[in-house]
Amino acid sequence: MDTTPQATRERDPEVPPETRAAGKPTPARHSGPGGGPSGPLGFIVDPALDAQRRRDLRRMRLVATGLLVFAAVVYVLTRGHDDGLLGFVNAGAEASMVGACADWFAVTAIFRHPLGLPIPHTALIPRKKEMIGRSLEEFVSENFMREDIIRERVLDAEPTRRAAEWALHPGHAKRLVDEVATVTVHALHRIPDEDVRAVIEQALLPRLAQEPISSLAGGLLDQVVRDEAHVGLVDLALDEIRIWLVDNEDVFESLITQRAPAWVPDAINDIVARKVHVEALKWLGDIRNDPRHDVRLALDKLLIDLADDLQHDPVTQAKAERLKERVLSHPQVADTAMSLWGSFRAVVIAALEDEGGPVRVRAVTEVTALAERLLADAALRERIDVRICDATIYAIDRYGTELTRIISDTVDRWDGKETAERVELQVGRDLQFIRINGTLVGGLIGMLIHAVSIVLPS
């Protein structure tokens, strides 16, 4: 197996823009970035491997040509001996030369004009590369992009079962989570703040300003109240207020006494303030412990009425839209959004970078649990495999033409002569066996014909 690293492909910066725009072939590059070699129009070039291929090609050419020369020498030496064993040898040598020359012509005609002569139907690759590209495109489309083939291959591969088995192998679930976490961290680090701000200021905020939100907000608020999703928030607010009152009793009583008339004695004010503080705590406790408290019911009614007005009352809707416009037009909105983004990114990165943290540990647990469930539930695996088939077929139907067109477009951009040289370097050694076989088979057929000519009457 060849383990030589492939050179990266890069457009030659020295090629004039007009050459690229015209679709003309670019000159071959002899060294890629960092010293890595690259060939014409993106061909991957490995000098050491190419040198070995050239040596092998020359060696096989010498063998094939040597057989032709040997057949010619034998023919000359046995010329005039039509009878006996030498007659068979002469006929075989003559046919061998014919077969060798014919196969040399056939092999050479694939890549160039034999002897440089512009013979019709020669130099097939340089002249017919566009047709070859179209044929390859049609072959791939007709034989690899068909729905029945794709569905059969995907279902036979059982991707869901294989993925589950792989995830349950010791260490694989952690490896998967580590890789995903690493990629996510790198991606978050590489997102420029300028781009995020541009998206917020140029896309998100203008879009929000154009869209009416009163009906949407009203419907959302109505559903929240009906599902009692706000109850937890109300409980949290009551708990926080009660904690503040307990921790700031002096401040609360000071606020009460400051509102008392000046002619009331301070002792009376203190008693009243302490009583109000106690009653306030008791009142908050009653609301917190009674799900059907009047205050809760009144708050629910207020929220339901507000949700209804946001959906149906033009006056309330207009007020909501004006409030939205004032908020979105404030210059501090973008800064606040950027601050939230920065905090969110920092929290996510810190959680993902902690290898022993709860996020990665929980992710590994969930991946393992999902894999176990997939292995235990054949019906679920089948449904997922079908969805994978559907997604693959959808992608092929939608983008298959563009994918296969890459073949013909790429071949069209190749230079014909350089393409022929590269293809010959890849397969030329094997094609020399055609010449060798033609020489040997031609000799055998020549001797057979000579034998038939002796047997048949004149």
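Ser-141 is in contact (heavy atoms within 4.5 Å) with Arg-146 and Thr-404, once its neighbours within four places in sequence are left aside. The model is a predicted one, in which local features need pLDDT of at least 70 and side-chain atom pairs count only at pLDDT 80 or more, while totals for chains, interfaces and linings use all residues. Residues are numbered from 1 along each chain as its sequence is written, and side-chain values use heavy atoms, with hydrogens and water left out.

Ser-141 belongs to helix α4, residues 124-144. Helices (H or I, at least four residues) and strands (E, at least two) are DSSP runs, numbered from the N terminus. Ser-141 counts as partly exposed because its relative accessibility is 28%; buried means under 20% relative accessible area, exposed over 50%, and partly exposed in between (1.4 Å probe, protein chains only). Its C-alpha atom is separated by 7.8 Å from that of Thr-401, a residue 260 residues away along the chain.

Helix α9 spans residues 214-226, and its 13 residues reach 18 Å from the first C-alpha to the last, close to the 18 Å expected at 1.5 Å a residue. That expected span is 1.5 Å times one less than the number of residues. Within α9, the buried residues are Ser-214, Gly-218, Asp-222 and Val-225. Viewed down the axis of α9, these buried residues fall within an arc of 70 degrees, so they line one face of the helix; the arc is that of the directions from the helix axis to the C-beta atoms. An α-helix has 3.6 residues a turn, so residues three or four places apart point the same way. The buried residues of α9 pack against α13 (294-312) and α14 (314-329). On the face turned away from the buried side, α9 carries the exposed residues Leu-216 and Leu-220. After α9 comes Glu-228, with a positive phi near 55 degrees.

The following values describe the chain as a whole.

| Property of the chain | Value |
|---|---|
| Secondary structure | 18 helices and 0 strands |
| Buried residues | 28% of the 458 residues |
| Accessible surface | about 30,400 Å², 62% of it from carbon and sulfur atoms |

Accessible areas come from the Shrake-Rupley method with a 1.4 Å probe; for residues, only the protein chains shown count as cover. Among contacts between residues at least 6 apart in sequence, 70% join residues at least 24 apart.

The average pLDDT (the predictor's confidence in each residue, from 0 to 100) of the chain is 84, and 90% of the residues score at least 70. Over residues 1-36, pLDDT stays under 50, and the model has 40 contacts beyond four places in sequence for these residues.
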